[in-house]
Amino acid sequence: MNNHVEVRGLCVKAGTTTIVEDVGFSIPRGEVLALIGESGSGKTTIAMALMGYARLGCRIAGGSVRVGDTDVLSLDEDGLAALRGDRVSYIAQSAAASFNPSRRIMDQVVEPAVNHGRLDRKAAEAKAVTLFRSLALPNPESIGERYPHQLSGGQLQRLMAAMALITGPELVILDEPTTALDVTTQIEVLRAFKQAVRDQGATAVYVSHDLAVVAQMADAIVVLNKGRIRENGAAAQVLERPADEYTRTLMAAARPERAAVDAPKATAAPLLEIKGLNAAYGTTPILRDINLTIARGATLGVIGESGSGKSTLARVIAGMLPPSAGSIRFDGAGLPPSLSMRSREQFRRIQLVFQNADTALNPAHCVGEIIGRPLAFYHGLKGAAATRRVAELLDLIKLPASLAERPCGGLSGGQKQRINLARALAAKPDLIMCDEVTSALDTVVGAAILDLLADLKRELGLAYLFISHDIGTVRAIADDIMVLYAGTQVETGRRQGYHGVARHPYTDLLIGSVPELRPGWLEEQGDRPAPPAIGQPKDGADLCRFLPRCSWRVGGTCEEFTPPRHRTPGGNIILCHRPEGASEGAS
Amino acid sequence: MAGPATRGLLATALPLIGKRVASGLLTLLLVSMVVFFIAQLLPGDMAQELLGQAATADAVAALREKFGLDRPAPERYLRWLVGMVTGDPGYSLVANMAVSDVIAARLPNSLLLAALSALVSVPVALTIGILSAMHRDARLDRGLNVATLSMVALPEFLVATLAVLVFSVQLRWLPSIALIPADASPWLVLRSLAMPILTLSVIVIAQMARMTRAAIIQQLSQPYVEMALLKGIKPARVVLTHVLPNAIGPIVNAMALSLSYLLGGAIIVETIFNYPGLASLMVNAVTSRDMPLLQACAMIFCTAYLLLVLIADTVAILANPRLRNR
């Protein structure tokens, strides 16, 4: 009875299918246990069962859950309602979706405390403001007056933590709380969570698919696969000496190996050449002065956080959004700005693969139809010739030819993404633009897609524009990397150039924010010094977009003048006043 | 992000609502053109109708001049439009009195019936819809589904006739016709109107309940509902305080469509119960070629419909913080 939370023989069924089978673990008071696994591993189902909750269509079929002295699974509906949000609270994956869009933040944050009779409304609001402050939220006194759509994802995630902690719960369940966030935001949110949970002295369950994040948060780790426990041990042991084969697979996929072959010899004429490109949605400028080249058979990785203009760049190249200035040259010839002015041949040679294969593929069509469509459109292939080519393409993406008859609705996420890729390959393009193609996939499946992309490149001599928010993924596949921040190209260079110390301060922040696969990393990341206030810019100066967040800024220069482009000792080109970017020794 | 806190609700909602009002007025203007010019397409005019087939061409021409029917159509349209706006929709030669007087005798009846029917049907429909959605696929939901489906499927003349058979002929509780004396007590009014209200409600309750159920079920699958349940809020409270504010937009829009039926669609009910309402007046105007009356009725129905939609839009704007402040 000395463990705070005790789970024994937990079984959850959906209809007749067992989705969680015979799961048991225990957590000592005040410790953090991580549940880790891929999608479909049952980690969220187990976390919810700790509150006696099963989603529509599922039911808890057996086992016991004890929190403190309470046998959770024997409680009736009223007993469960009294437990949830009071003694046990939950932080959901997507705070943006989990806040009610039509009610003010404060109403929702104080609701558990008021509803469970812990505090009256006034005291609850005072406590909420205290929590907002300790979670480092801006304007703690007034932020509660806002509606969810007026706040950013990172802020909402922290507000949800305040909502979970307001009753002083003894057990907090965090379900992938940072997965939807940018990496630079994630580090701040993780730090805030860790501090808040520790201050409360609460026991916590941390659900995640990301081993590196878990390494920062957990005292113990439970590795799940297909609803069963594969490994259960102290965090350091699981991370350093994994006993189970499956855990080792997860570890390997967490940091993808370099999958790309070396870049081809630079040919005289680049395949794609973009000069001085600007683009805007209506009057809102999105991209400013983008310059890039992609050689035949080479891969350019484009990296940046959400809203940095990565996808817009692909849309402009594809012709879906005509640029407001600048030129795009493809294989030596100018590319018309808009779709209606491009020829079918120009369409064929540049193909776009979207992030979400679930929505990009028509679930009512079978695989053969989906791949056959571009074959007929671009190459006029019909009948037996088309069937043969579909089989070839399926072979190319390493799927069985028998899949051609299947509707794509029933395929797995990884299979769908391969079909999505095959549809682009069917056109026989020279350039494929991949927009976050691995982001919606599990790490193991995503790593396999990266390998496939590298194989295809070697076999077919394809060039890629590879867009991602994840520096690890981009490093694994790209020859050159371009970093976008708020629509400006802050750094460009060879992949190797990013290993050096001299880099743009934003690149430095981006790389430095990726959690490492070892406990204690988070604590080593000292708080970045708060940057000094920004003065008035000199008339007409186009200031560095990163200035408000930059801790390397040069007083009297950065806030007055347009930053120049420099070549760093590592060979990269950066847009910064400091010639050596974020490295000591520069003036 | 950290801009000024929520601005005054009216200051931000008013321009949006103003836009809706303006587009409503524009719609009304277009409808008035259509109504007027379609009435012109019908063969024969008032002068011919009055004088009958034996009339000489001279007599018809003289009468036309007297009524201004010889003027060009756009001019007559403008004159009619100004009349409508200033509350004088013309003179009904069939009834031999001002159209406004004819309508004044009927409109209050129609409004009373529609208002009472709405008063009965809206709460019942909301309750059925919410209960049904909360117990989705359970016995209660399936029972209510069968009930609302059969209500939609039953023709209203059948409902009305059955109601008369049961309540008037068999049980002798209620009068079978809804003629209300001028000095009737409120109780008598209610008794007389009970069956018309029942019949109209049966039709619209079913439509509104099904739309309510669909709107709430759509919201129930949202993550914020699960979050509210995991905060320990009881399901009934979750629906009332979390789901309804988000579902109210689609619900009031569906209700506006259904309720607009209570005014113009009441023709069968008015006929069966012999109730002097606006819908039967309009049908009479068609059969007797009473163009000024017909046009005025059409404009009233259209205005009522647009008003309902405007109310629905306003409620939706006020319920949605993303629309009323950004």
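Biologist: How far does helix H7 (residues 183–200) of chain A reach from its first C-alpha to its last?

Modeller: In this predicted model, H7 of chain A has 18 residues, for which a span of 26 Å is expected at 1.5 Å a residue. The reach found between its first C-alpha and its last is close to that expectation, namely 26 Å.

Biologist: Which residue takes a positive phi just after H7(A)?

Modeller: The helix itself has buried residues that include A:Ile187, A:Val189, A:Leu190 and A:Phe193, and their cover includes helices H5 (121–134) and H6 (153–165) together with strands E7 (171–175) and E8 (203–208) of chain A. Just after H7(A), the chain takes a positive phi of about 65 degrees at A:Gly201.

Biologist: Turning to helix H15(A), within what arc do its buried residues fall when seen down the axis?

Modeller: H15 of chain A covers residues 383–396, and its buried residues are A:Val390, A:Leu393 and A:Leu394. These buried residues line one face of the helix, because, seen down the axis of H15(A), they fall within an arc of 100 degrees.

Biologist: Which helices do the buried residues of H15(A) pack against?

Modeller: The other side of H15(A) carries exposed residues, A:Ala384, A:Ala385, A:Arg388 and A:Asp395, and just after the helix A:Lys398 takes a positive phi of about 60 degrees. The buried residues, for their part, pack against two helices of chain A, H14 (367–379) and H16 (413–426).

Biologist: Which strands stand at the edges of the open sheet in chain A, each with a single partner strand?

Modeller: The sheet has four strands in the order E2-E1-E4-E5, with antiparallel pairing. One side of each edge strand is left without a neighbour in the sheet, because each has a single partner strand, and the two strands in that position are E2 (17–28) and E5.

Biologist: Within that sheet, which residue in E4(A) stands opposite A:Cys11?

Modeller: Strand E1 (residues 3–14) and strand E4 (residues 58–67) of chain A run antiparallel and are paired over eight bridges. Across from A:Cys11, the residue in E4(A) is A:Gly62.

Biologist: Which residue takes a positive phi in the hairpin of E4(A) and E5(A)?

Modeller: E4(A) and strand E5 (residues 70–71) of chain A are antiparallel and joined by two bridges, and A:Arg66 stands opposite A:Asp71 in E5(A). Two residues lie between the strands of this hairpin, and the positive phi, near 60 degrees, belongs to A:Gly68.

Biologist: Which helix provides the largest share of the side of domain 1 of chain A that touches domain 2 of chain A?

Modeller: Chain A is divided into domain 1 (3–254) and domain 2 (272–499), whose C-alpha centres lie 36 Å apart. The contact takes nine residues from domain 1 and seven residues from domain 2. On the domain 1 side, the largest share, four residues, comes from helix H10 (residues 245–254) of chain A.

Biologist: Which residues is A:Asp508 in contact with, leaving aside its neighbours within four places in sequence?

Modeller: A:Asp508 lies in helix H19 (residues 505–512) of chain A and is partly exposed, with 19 other C-beta atoms within 10 Å. Once its neighbours within four places in sequence are left aside, A:Asp508 is in contact with A:Arg503, A:Gly581 and A:Ala582.

Biologist: What percentage of the residues in chain B are buried?

Modeller: Chain B has 14 helices and two strands, and its C-alpha atoms fill a box of roughly 85 × 65 × 35 Å, taken along the principal axes. Of the 326 residues in chain B, the buried ones make up 36%.

Methods: Residues numbered from 1 in each chain as written. Chains lettered and ligands numbered in written order. Predicted model: local features only at pLDDT ≥ 70, side-chain atom pairs only at ≥ 80, totals over all residues. Pairing = 2+ DSSP bridges. Expected span 1.5 Å × (residues − 1). Buried ≥ 20, exposed ≤ 12 C-beta atoms within 10 Å, placed from the backbone. Arc of directions from axis to C-beta. Domains from an automatic or database assignment.
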